[in-house]
Amino acid sequence: MKNLRNSVQLIGRLGKDPEVKSLTSGSTLATFTLATTESYKNTAGEKVEETQWHNLVAWGKTADIASQYLKKGQEIAVEGKLIHRSYENAKGDKRYVTEINVNEILMLNKKR
């Protein structure tokens, strides 16, 4: 059960191509978004779709793989952990961010 602590698994579609940065420390950072959509019928029998957007962050080799192989609209599965952080913007306002620190990526689209 130890591996279940703070573990997130999602399947969805990429909202944009990964943005990759090489940091001065030599690490690679990739950021991208993932949309997960679920549908259901409401009480009137109409189909309703709800989409949630997730911010993803990948480091090192995972970031390199993301930058090389992932493209907007592609369906992927990710496993990682949930991170909550805050920062102050240029105006001094405190902002809160929730991200998924990605450990593994599985590409689900078939090759064309």
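**Notebook: a look through the model**

**Entry 1, Thr28.** I started with threonine 28, which sits in strand β3; helices (H or I, at least four residues) and strands (E, at least two) are DSSP runs here, numbered from the N terminus. This is a predicted model, so I keep in mind that local features need pLDDT of at least 70 and side-chain atom pairs count only at pLDDT 80 or more, while totals for chains, interfaces and linings use all residues. Residues are numbered from 1 along each chain as its sequence is written, and side-chain values use heavy atoms, with hydrogens and water left out.

Is threonine 28 buried or exposed? At 13% relative accessibility, threonine 28 counts as buried. My cut-offs are under 20% relative accessible area for buried, over 50% for exposed and partly exposed in between (1.4 Å probe, protein chains only). The side chain of threonine 28 makes a polar contact with the side chain of aspartate 64, at 3.4 Å. For the term, I need a pair of N or O atoms within 3.5 Å; within protein, one must be able to donate a hydrogen and the other to accept it, and residues adjacent in sequence count only if both atoms are side-chain atoms. Not counting residues up to four places away in sequence, threonine 28 also touches Val20, Lys21, Ala58, Trp59, Gly60, Ala63 and Asp64. Contact means heavy atoms within 4.5 Å.

Next I turned to α1, residues 60-69, where I find Thr62, Ala63 and Ala66 buried. Looking down the axis of α1, I see its buried residues within an arc of 100 degrees, so they line one face of the helix. The arc is taken from the directions from the helix axis to the C-beta atoms. Lys61 and Gln68, on the other side of α1, are exposed. What covers the buried residues? The cover includes β3 (28-41), β4 (47-59) and β6 (94-107).

In soluble globular proteins, nonpolar side chains tend to be buried together.

Leaving aside neighbours within four places in sequence, isoleucine 76 is in contact with Leu10, Ile11, Gly12, Leu14, Phe32, Leu34, Leu70, Ile105, Leu106, Met107 and Leu108.

I count strands as paired if DSSP finds at least two bridges between them. β4 and β6 run parallel, joined by three bridges, and leucine 56 stands opposite isoleucine 100 in β6. β5 and β6 run antiparallel, with 13 bridges joining them; here histidine 84 stands opposite threonine 98 in β6. β5 and β6 form a hairpin with five residues between them, and glycine 92 in the turn has a positive phi of about 90 degrees.

Isoleucine 100 is buried, with a relative accessible area of 3%. Beyond its neighbours within four places in sequence, isoleucine 100 is in contact with Val8, Leu10, His54, Asn55, Leu56, Val57, Gly80, Lys81 and Leu82.

How many salt bridges does the structure hold? I get three, taking a salt bridge as a side-chain nitrogen of Lys or Arg within 4 Å of a carboxyl oxygen of Asp or Glu.

- Glutamate 19 meets lysine 16 at 3.3 Å, N to O. Both ends are partly exposed: glutamate 19 at 42%, lysine 16 at 29%.
- Glutamate 49 pairs with lysine 47, with the closest N and O atoms 3.9 Å apart. Glutamate 49 and lysine 47 are exposed.
- Glutamate 99 pairs with arginine 85, with the closest N and O atoms 2.9 Å apart. This pair links distant parts of the chain, glutamate 99 in β6 and arginine 85 in β5 (residues 75-88), 14 residues apart. Glutamate 99 is buried at 13% relative accessibility, whereas arginine 85 is partly exposed at 39%.

Last, I checked asparagine 6 in the segment before β1. Asparagine 6 has a positive phi of about 50 degrees although it is not a glycine. Most residues other than glycine have a negative phi. At 41% relative accessibility, asparagine 6 counts as partly exposed.
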